[in-house]
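Please keep the sequence and the model in view while reading.

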Amino acid sequence: MAEFDLIVIGAGPGGYVCAIRAAQLGLKVAVAEGSETLGGTCLNVGCIPSKALLHATHSLREAEENFAKMGLSVKPKVDWAGMRGYKDEVIGQNTSGIEFLFKKNKITWLKGWAEIVAAGQVRVGEETHQAKSIVIASGSEPSTLPGVEVDEKVIVTSTGALALAKIPATLAVIGAGVIGLELGSVYARLGSKVTVIEYLDTITPGMDAEIARTLQRLLKRQGIDFTLGAAVQGASVKGGKATLSYKLRKDDSEHEITADCVLVATGRRPVTAGVAAGPLGLKLTERGQIETDAGFATNIPGVYAIGDVREGPMLAHKASDEGVALAEILAGHKAAVNYDLIPSVIYTTPEVASVGKTQEALKAEGRAYKTGKFNFMGNGRAKAMFAGDGFVKILADKETDRILGCHIIGPSAGELIHEVCVAMEFGAAAEDIARTCHAHPTVSEAVREAAMACGDGPIHA
Ligand SMILES: Cc1cc2nc3c(=O)[nH]c(=O)nc-3n(C[C@H](O)[C@H](O)[C@H](O)COP(=O)(O)OP(=O)(O)OC[C@H]3O[C@@H](n4cnc5c(N)ncnc54)[C@H](O)[C@@H]3O)c2cc1C
């Protein structure tokens, strides 16, 4: 029986990051991972492959729509097998990178599916290993709807959508959340006729309403259709095509749509089955996540949980931050995650990024705030890149000017947001960003101008 200070179950961005930090802090660490490769959902079937396909298809759109405007004549031709090959290559580079980091940090990879059989004991295959602490980082898997049976060929989850044998002529996406919009964008750019069907009356629920409306308008301009307020009733497959039935909530009228492929993007559920033996009584929340306290401890002594399997946004960087904080706690340090400042990004074109409070949340709280907004159309660099759509919106306390939230739709939004994250971590006022010199010409000048708009006003508007 091998003995470790820490055994982590699951090598996604929660688990592998936790393991590396714990090893760096001197703990003897093993990670149990049942999949063939390390990196979890994120590296294998999530963040990384989806961003590879988004990058490839964004480049395609750039070539089709903007190259000629810059005096470049190129006629791109899609080689779908080649594009999937590029995506697989990117996955391979990233997953083998984690294997390298495990070796570098002397982390043992216990290959196989793990089960906690008793406090301090983890069984992987035939062997049982001993650990002072156990971290469950078993992540999440796609969930589906009643009456919609996934076969990963015609009716697919995000996993199947990342590896379709051919580009569908028509694609119906159930769910206008981040994953549905990103993968819908990929196929729309590749020529599929994409229809997004969403139960709610808006896309991307929880996001700043003005940004959501703008994103919907811009995606529609790119050829994506939206049917909102529609409750999907079921799906059937015949002759390689799917028929999806749905009811419009406003009048209960029944409708059908036929598509070569249906992507079910209605959310993800935590993976807890088989992780802890029944008699241990691992406590779950009503939503099936592992119940933990503020220090990530479960109800079983010495057993912790991080990432998608516990509460909070299902995001890779949230999982990783929890992994770092928990490793530091287990090594005897003080650590915590600032859940108020976890940015979220949608990698569509334009990108969307936000952090902190939305206007809707501030109104609901009754908090006095001011809004500073700046359109990318007033930013020279964005215009040169044909990326003038969108804006930066900074929300600041009306009295103190302290930044409360930032919402961006526009070029490189997913990068720009971090300037505001850092400012907010330091408790900055909008004026602090407004008075910080920003290089010209950069799209980040739009962030500065939005901050200026919280005060005496931007220059270029
Ligand atoms: C298409 C798609 C795109 C996404 N894009 C983004 C994005 O752009 N940005 C972002 O922040 N997030 C994104 N996400 C979400 C992100 O992938 C997850 O939030 C993140 O992977 C969660 O990390 P985790 O470590 O908690 O779990 P996971 O990454 O799910 O990893 C869990 C690991 O545990 C292993 N495991 C489970 N049970 C056991 C067991 N009993 N024994 C051994 N191993 C086990 C699994 O095999 C898996 O490897 C995306 C997700 C999808 C599906």
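L72 counts as partly exposed because its relative accessibility is 40%, where partly exposed lies between buried, under 20% relative accessible area, and exposed, over 50%, with a 1.4 Å probe and protein chains only. This residue belongs to the loop between α3 and α4 (80-104); helices are DSSP runs of H or I with at least four residues, and strands are runs of E with at least two, numbered from the N terminus. Together with M70, V74 and F386, L72 makes a nonpolar surface patch of about 340 Å².

The model is a predicted one, in which local features need pLDDT of at least 70 and side-chain atom pairs count only at pLDDT 80 or more, while totals for chains, interfaces and linings use all residues. Residues are numbered from 1 along each chain as its sequence is written, and side-chain values use heavy atoms, with hydrogens and water left out.

Attention now turns to the ligand. An N or O atom in the side chain of E33 is 2.6 Å from a ligand oxygen atom, and for the side chain of K51 the corresponding distance to an oxygen atom of the ligand is 2.7 Å. A polar backbone atom of A114 is 2.8 Å from a ligand nitrogen atom. Of the 1000 Å² of accessible area that the ligand has on its own, the protein covers 93%, by the Shrake-Rupley method with a 1.4 Å probe.

Terms used
Polar contact = N/O pair within 3.5 Å; in protein donor to acceptor, adjacent residues only side chain to side chain. Patch = residues over 30% accessible without salt bridge, like charges linked within 9 Å, V, L, I, M, F, W, Y side chains within 5 Å. Salt bridge = Lys/Arg side-chain N within 4 Å of Asp/Glu carboxyl O.
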